Amino acid sequence: MKNVIAAGLTALAALGIAAAPVQAAYPERPVQFVVPWPPGDLEDVLTRLIAKQFSKDYGVPAAVVNRAGGGGVVGSSTVARAKPDGYTVGSFVIGIPTVHVLMGNAPWKRDTFDPVGIFLTYPFLLAARGDAPYSNMAELAAYAKKNEVKLGHFGYGLIPTRATILSAKQMGFKFSSNAAFDALTCATLKAKDADVINTTAQLVLPCLKNIKVLAAFADNRISILPNVPTLAEQVKGRVLPLLWNGLFVPKGTPKEVKDKIIASAKKALASDAAKQVAKTTGAIIYWKGPAESKKQIDRDFDIVRGMLKEMGDLKK
């Protein structure tokens, strides 16, 4: 047998053909899905469903790793530094490939990541305490022109933060102060750390009956809050990109690797568990593949650039 193999290799060498190294089938070891935010919100919940399905499909451990901090920069940087082999997958919001790139405040560029697919539009809210003397954007504007109103948000890198500040400007007022939080929940309002907060419905579900939701950040009204108008309904002419979340890998990750991630993601997002998340939170869950996701990102990149220029953060 050895003579046969040796003869074969000799023949290949004579023809100038090198014997290619045997590549192990992906995945052969644990895969980590990096969520650059604290656990518990929608992107975390859905990414965990995807990781669970991936582990089931391919028989390897797949864990969600929460690396919060820096408006998503800490966790996303982990993915930016990873090898393009599919063993580190990022679960990112829109601001990672748009705001942070445009502002130049992160160690990655526009082409550092390849989109695997966008799968979630957040039911983002602007909420206040139940005893607040305003119930919508017009009433907030009237009150804030004469009184101090503190805004709590997840950081300037997040689209709802920018949209809220620009909407306030358009309506003739500004917040007396604003601060970034790692978590924005019922407790944030109760403790009066902020008067108004940008957060997701998921994080304030326990106290929805005890707070006032002033606006929804979505194309259409959120299913669990059908009486709450969208920001666009209340601030005419304000064009906003969707606040979405998607899966990303380092540029150069092989297509066959991405295809395996996609296959598991589609199964997870079509599951009964995902449908239940959508029903109870108002989350819009779907799947956009790599090509469609890239078009979405390119479109939003241009819109976000316009928003940043309007806020004076970009000079060009």
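Mentor: We'll take the whole chain, then some single residues.

Trainee: What kind of model is it?
Mentor: It is a predicted model.

Trainee: OK. How many helices and strands does the chain have?
Mentor: DSSP gives 12 helices and 11 strands.

Trainee: And what does the C-alpha trace span along its principal axes?
Mentor: About 90 × 45 × 30 Å.

Trainee: How much of the chain is buried?
Mentor: Of its 316 residues, 50% are buried. The accessible surface is about 14,900 Å². Carbon and sulfur atoms hold 56% of that surface.

Trainee: What share of the contacts comes from residues 24 or more positions apart?
Mentor: Take the contacts with a separation of 6 or more: 78% of them join residues 24 or more positions apart.

Trainee: Charges next. How many positive and negative side chains are there?
Mentor: The chain carries 40 positive and 25 negative side chains. The centres of the two sets are 1 Å apart.

Trainee: Now rings. How many aromatic pairs are there?
Mentor: The structure has 14. One cluster is linked by ring pairs and takes in Tyr26, Phe33, Phe54, Tyr58 and Tyr87.

Trainee: Which charged residue lies over the face of Tyr87?
Mentor: Arg29 does, 3.7 Å from the ring centre. Elsewhere, Arg110 lies over the face of Phe301, also with 3.7 Å to the ring centre.

Trainee: Back to Tyr26. Which residue does its cis peptide bond join it to?
Mentor: Pro27. Omega of that bond is about -5 degrees. Pro27 lies in the loop that runs between α1 (2–14) and β1 (31–35).

Trainee: Where is Lys192, and what is its phi?
Mentor: Lys192 is in the loop between α7 (186–190) and β8 (196–200). Its phi is near 60 degrees, a positive value in a residue other than glycine.

Trainee: Why point those two out?
Mentor: Because most residues other than glycine have a negative phi, and most peptide bonds are trans.

Trainee: New topic. Is Ile96 buried or exposed?
Mentor: Ile96 counts as buried because its relative accessible area is 1%, and the cut-off for buried is under 20%. Ile96 is in a loop, between β3 (88–93) and α4 (99–103).

Trainee: What does Ile96 touch, leaving aside neighbours within four places in sequence?
Mentor: Ile96 contacts Gly71, Gly72, Ser76, Val101, Trp108 and Phe113. Its C-alpha is 7.8 Å from that of Gly157, which is 61 residues away along the chain.

Trainee: And Glu148, buried or exposed?
Mentor: Exposed, because its relative accessible area is 67% and exposed means over 50%. Glu148 sits in the loop between α5 (137–144) and β6 (150–153).

Trainee: Which residues does Glu148 touch, not counting those up to four places away?
Mentor: Tyr143, Ser176 and Asp195. Ala63 is 85 residues from Glu148 along the chain, and their C-alpha atoms are 44 Å apart.

Trainee: Last one. Which helix holds Leu49?
Mentor: Leu49 is in α2, residues 42–58. Leu49 is partly exposed, with a relative accessible area of 22%.

Trainee: Which residues does Leu49 contact beyond its neighbours within four places?
Mentor: Ala268, Ala273 and Ala274. Gly59 is 10 residues from Leu49 in sequence, and their C-alpha atoms are 15 Å apart in space.

Methods
Residues numbered from 1 in each chain as written. Predicted model: local features only at pLDDT ≥ 70, side-chain atom pairs only at ≥ 80, totals over all residues. Heavy atoms only, no water. Phe/Tyr/Trp six-rings, centres within 6.5 Å; stacked < 30°, edge-to-face > 60°. Lys NZ or Arg CZ within 6 Å of the ring centre and 35° of its normal. Helix = DSSP H or I, 4+ residues; strand = E, 2+ residues; numbered from the N terminus. Buried < 20%, exposed > 50% of the residue type's maximum accessible area, 1.4 Å probe, protein only. Contact = heavy atoms within 4.5 Å. Areas by Shrake-Rupley, 256 points an atom, 1.4 Å probe, with all protein chains shown as cover. Lys, Arg positive; Asp, Glu negative; His and termini not counted. Charge placed at Lys NZ, Arg CZ, Asp CG, Glu CD.
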